[in-house]
Amino acid sequence: MTHGRFRCLLTTVESDAHFWNLIYLEKLIQEHGAEVRNLGNCTPVDLVVEELAAYQPDLLVVSSVNGHGYYGARELLGRIHLAGLDVPCVVGGKLTTSASDNDRVRRDLLAHGFTDVFVDENAVEQFRGFLRFGIGFGFAQWRAEAPVVAPWDSPEHVLNLSPGR
């Protein structure tokens, strides 16, 4: 990254046929000084891995709006790690079909190795903040806010279903 300019690879997951979100993000990221390579919709995992190796971007952005991006994002990041590639990766959009799963999904994807996960009504503003930070300090330096742990997801919460209760 030089003088605030950076290279970004933009993609979605294999199951997502939507394209408008990618066009919006491409323009948004370009407004922040990036050279963006947009791989389009229904992007095969192998293509993303090949492009990461060839293009060597400063950032990978994965967007999904079909409600099934969570599984595709996990698969994609796993394959990136298997290929030995090290690039800050963020994901966002509608990753599940239920907004009540957002906190759990965010926790899991962060634990899996995503730099950050943008899923709620403030996702675009949070992503803009991430871009500003990354331009100034480097995307790898970003530390995501701790994900929310719902009481029913905490290790202390044990559901006792033994007979007689």
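Which residue lies over the face of Tyr70? Select Tyr70 and Arg104: Arg104 lies over the ring face, at 5.7 Å from the ring centre. A charge counts as over a ring if NZ of Lys or CZ of Arg is within 6 Å of the ring centre and within 35 degrees of the ring normal. Select Arg7 and Tyr55 next, where Arg7 lies over the face of Tyr55 at 4.0 Å from the ring centre.

The model is predicted, with local features needing pLDDT of at least 70 and side-chain atom pairs pLDDT 80 or more, while totals for chains, interfaces and linings use all residues. Residues are numbered from 1 along each chain as its sequence is written, and side-chain values use heavy atoms, without hydrogens and water.

**The whole chain**

Colour by secondary structure to find 5 helices and 5 strands. Helices (H or I, at least four residues) and strands (E, at least two) are DSSP runs, numbered from the N terminus. Along the sequence they follow the pattern β-α-β-α-β-α-β-α-β-α. Of the 165 residues, 44% are buried; buried means under 20% relative accessible area, exposed over 50%, and partly exposed in between (1.4 Å probe, protein chains only). Among contacts (heavy atoms within 4.5 Å) between residues at least 6 apart in sequence, 78% join residues at least 24 apart.

**Helix 4**

Select residues 102-112, which form helix 4. Its buried residues are Asn102, Val105, Arg106, Arg107, Leu109 and Leu110. These pack against helix 3 (69-82), strand 4 (89-93) and strand 5 (116-118). Gly113 follows helix 4 and has a positive phi, near 130°.

**Helix 1 against helix 5**

Show helix 1 (residues 20-31) together with helix 5: their axes come within 11 Å and cross at roughly 35°. Axes here are lines fitted to C-alpha atoms, for helices over the stretch in contact, with angles from 0 to 180 degrees between N-to-C directions. The crossing is right-handed, meaning that the near helix is turned clockwise from the far one by less than a right angle. Tyr24, Leu25, Leu28 and Ile29 of helix 1 meet Val124, Phe127, Arg128 and Leu131 of helix 5. The contact residues divide into 7 nonpolar, no polar and 1 charged. Ala, Val, Leu, Ile, Met, Phe, Trp, Tyr, Cys and Pro count as nonpolar, Asp, Glu, Lys and Arg as charged, and the others, Gly among them, as polar.

**The aromatic cluster**

Now select Phe6, Phe118, Phe127, Phe130, Phe133, Phe137, Phe139 and Trp142, which ring pairs link into a cluster. Rings of Phe, Tyr and Trp (its six-membered ring) pair if their centres lie within 6.5 Å; planes under 30 degrees apart are stacked, over 60 edge-to-face, and the rest tilted. The count by this rule is 9 aromatic pairs. Phe118 and Phe127 have ring centres 5.6 Å apart and planes at 70°, so they are edge-to-face. Phe127 and Phe130 are stacked, at 6.2 Å centre to centre with 20° between the planes. They are separated by about one helical turn because they lie 3 residues apart in helix 5 (residues 123-137). Phe127 is buried at 5% relative accessible area, and Phe130 is buried at 0%.

**Two loops**

Most residues other than glycine have a negative phi. Cys42 has a positive phi near 50°; find it in the loop between strand 2 (34-38) and helix 2 (45-55). Cys42 is partly exposed, at 34% relative accessibility. End at Gln56, in the loop between helix 2 and strand 3 (59-64). Gln56 has a positive phi of about 50° and is exposed, at 60% relative accessibility.
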